[in-house]
Structure formats: C-alpha cells, structure tokens
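Work through the exercises below with the sequence and the coordinates at hand. Each task is followed by a solution in steps.

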Amino acid sequence: MIKKKKVIDEIYIPDVGSQVETIDGKEYLITNDAMYTFFRRTKGEFSGFFLALKNEKRLLGCRCTKCGIVRVPPFLTHCPDCNFAPTEMIEVEQVGIMNSTPPITYFATSLFQHMAPYGRGRVIFKGADTAMSINLYTTTGILVPGIIKKGTEVKLIFRDERIGEMTDVFCVPTAELTHAQINKKGLQESEIDWERPQEPSLPPASEEDSNQYRKALDKMKDLIQDMNRNESARKAIAGWKRDIQVKARGGQFAIRIDDGDIRLSESALSSPDFIMVCDDINTLLDGLAYRGAITDSVINKKIWISKNMEFNTIFKLDRMARFMVRSKKA
Ligand SMILES: [Zn+2]
C-alpha cells in the first residue's frame, strides 16, 4: 500500500498570515500567498516501461528488430539507425556497470533534498547497449567520492513504495550485497541491511594524542555551552532531535540535539541516531567554531558519519556555527 501523499509536501505549505522583517532599520511587511500550477501528464509510450518497474519489478529495454541494438530505457519505438525499423520491448538484467564516475549531490534543491546525498550516474545493464541515468547509494555509511566509480558493478534496487517514476529505483554496488541478493530479481530496499555501516577504525592514541584530545574537548565544551545560550544558534536546530556518538583518536563523547538545545557529555550512548568518527577532534572543533565547514570535512573524508541521510544534521551544525558568528558580529 502506498501512503497517501500530497504533490506538495505539508511542510512547504505556509500558514495564512504576515510578518514584519526589519532590514537596515526599516520595517517591511511580508504576507504569505499562493499560486497553483498542478498538472497531469501521461508517460505515453513509456507507460509499459514504468508499469513494469512499478508492478513487476522488471527492467525493460527496446530492441531494434533490424540491427538488434538494445536501448535502456526504451525511449525509441523506431530505430533511427535502421530507416526507422520498429523496436520491440525486451527485459534486461538488473546488474550493470558504471559507465562513468558519478558526481555526488550533497546540497540539493528542496525538491530533491529528501534524497541527498546521492550519486547520479549512467549504468549499462547486462543485456543493454546504452546507459541509463540512475541515482546511486551505498550501504556503508555516508556516500563519498571513491565508493562508486567508472567500472563499478552495481545492482538495481526497487523502492518498497513505487509509483511508476524513475525514483522507484536506484543502484548500490554489488560488492556490498550477498550473492543471493545480487542474483535476486526485483530486490527491494527493505531487503538490504542499511544498519551495518563500515565504521573506520581509529589508530591507538599516544599520550600526546590524548593530551591534544583533552584540550580540544574542553574547548568544544565551552563552545557548545555558548551555542546553547545563543538564540540565533538555537534557531538552526529548532525542531530537530538527534543523539550523536562522536569517536575521535583519544576518546569518545556524545552530542545531543533536542529542539534548540545542544549539549556535550562524556558518555557512550546505548542507541545513538548516528555515529561520527573524526580522527582528529580538532576537525570538528574547527567546524563548530566556523573555521571551515563540517560538511566539507565529511565530503573530504576527514569526518565519517554512519548514516547517509544524516548529512542533513551536519548541515544544521554548520548553520549553528554560522548563525552564532553572525549574531556576535551584529
Ligand atoms: Zn536498428
């Protein structure tokens, strides 16, 4: 069963009303209004392809009846290379090879934010002659460059809830799956273990490392206490709740975010929402102090997080740092 959802998500629908914004000492009135442009569209001759994805978890291509080229997705009913000979629908396999190294989108527009970070690349599935654009994920934690490259073998995965769109499917590297999963046709996202990311191991801490860790931790405690008292910084995490276990060379601690509150405690959480690993605690400290973005450190693999979608939380921590610096300048 598919959950009933609106084309425009509730959170994007503002309340009726107005507000005043002060810019350079002048007051400006802002009111909420709306403009509607809903439309229905047909998938036309593509319908068979999308219905096969949605109802049968099958991937279809079209084969030219003359030259035999197989195009996936089946975007041509007649082959332009063969004097427009008709094509026929055929099924192709659900394992393929990356045709290029996919770029990764970390900061998506609001339409795609719920999917980010995601890779987007072209895959040639077995049995196909052309490459299909598709979103890419990893089960090993945050998606960073290097996990999926040109030549990486990937498997087509079906969303549990499908509506007949390209977003019904995505790919993950076959290296992250079992033999049975790779061979299963119509493998669904819920059949994959997303809860066992590969946490990077930290080297043992020398006495010098431990001293550095203590120093940085004390600074971070002060900084987070300042953040907690700062109204602007608190706004960045309003309505957000996360327990983060942070592991660094020299020790571990917890950062707890709770609807505007942020606290650091030297404890091991029994069930954190996600784990953050940073070899050098100063990388995180610098980010919180607005000396370089934490999101950049994640992308550059200096900080690892156990859940891809928690990049959103990292983004909020960056905003906290930025808001606090701004409020102090004001
Ligand atoms: Zn042809």
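**Exercise 1.** Determine the handedness of the crossing of helix 3 and helix 5, then classify their relative orientation and describe the contact.

Solution. The model is a predicted one.
Step 1: helix 3 crosses helix 5 in a left-handed sense.
Step 2: helix 3 contributes Tyr213, Ala216, Leu217, Lys219, Met220 and Leu223 to the contact, and helix 5 contributes Ile281, Asn282, Leu285 and Leu288.
Step 3: by class, these contact residues of helix 3 and helix 5 are eight nonpolar, one polar and one charged.

**Exercise 2.** Describe how domain 1 and domain 2 are placed and what the contacting side of domain 1 is made of.

Solution. 
Step 1: the domain assignment places domain 1 at 44–191 and domain 2 at 207–329.
Step 2: a separation of 36 Å lies between the C-alpha centres of the two domains.
Step 3: eight residues of domain 1 are in contact with ten of domain 2.
Step 4: on the domain 1 side, seven of the residues are nonpolar, one is polar and none is charged.

**Exercise 3.** Is Val16 buried or exposed?

Solution. 
Step 1: Val16 sits in the segment that precedes strand 1 (18–23).
Step 2: Val16 has 8 C-beta neighbours inside 10 Å.
Step 3: a residue is exposed if the count is 12 or fewer, so Val16 is exposed.
Step 4: the C-alpha atom of Val16 is 35 Å from that of Met166, a residue 150 positions away along the chain.

Notes
Residues are numbered from 1 along each chain as its sequence is written. This is a predicted model: local features need pLDDT of at least 70, side-chain atom pairs count only at pLDDT 80 or more; totals for chains, interfaces and linings use all residues. Domain bounds come from an automatic or database domain assignment. Two residues are in contact if their C-beta atoms, placed from the backbone, lie within 7 Å. Ala, Val, Leu, Ile, Met, Phe, Trp, Tyr, Cys and Pro count as nonpolar, Asp, Glu, Lys and Arg as charged, and the others, Gly among them, as polar. Helices (H or I, at least four residues) and strands (E, at least two) are DSSP runs, numbered from the N terminus. A residue is buried if 20 or more other C-beta atoms lie within 10 Å of its own, exposed if 12 or fewer, and partly exposed in between; C-beta atoms are placed from the backbone. A crossing is left-handed if the near helix is turned anticlockwise from the far one by less than a right angle, and right-handed if clockwise.
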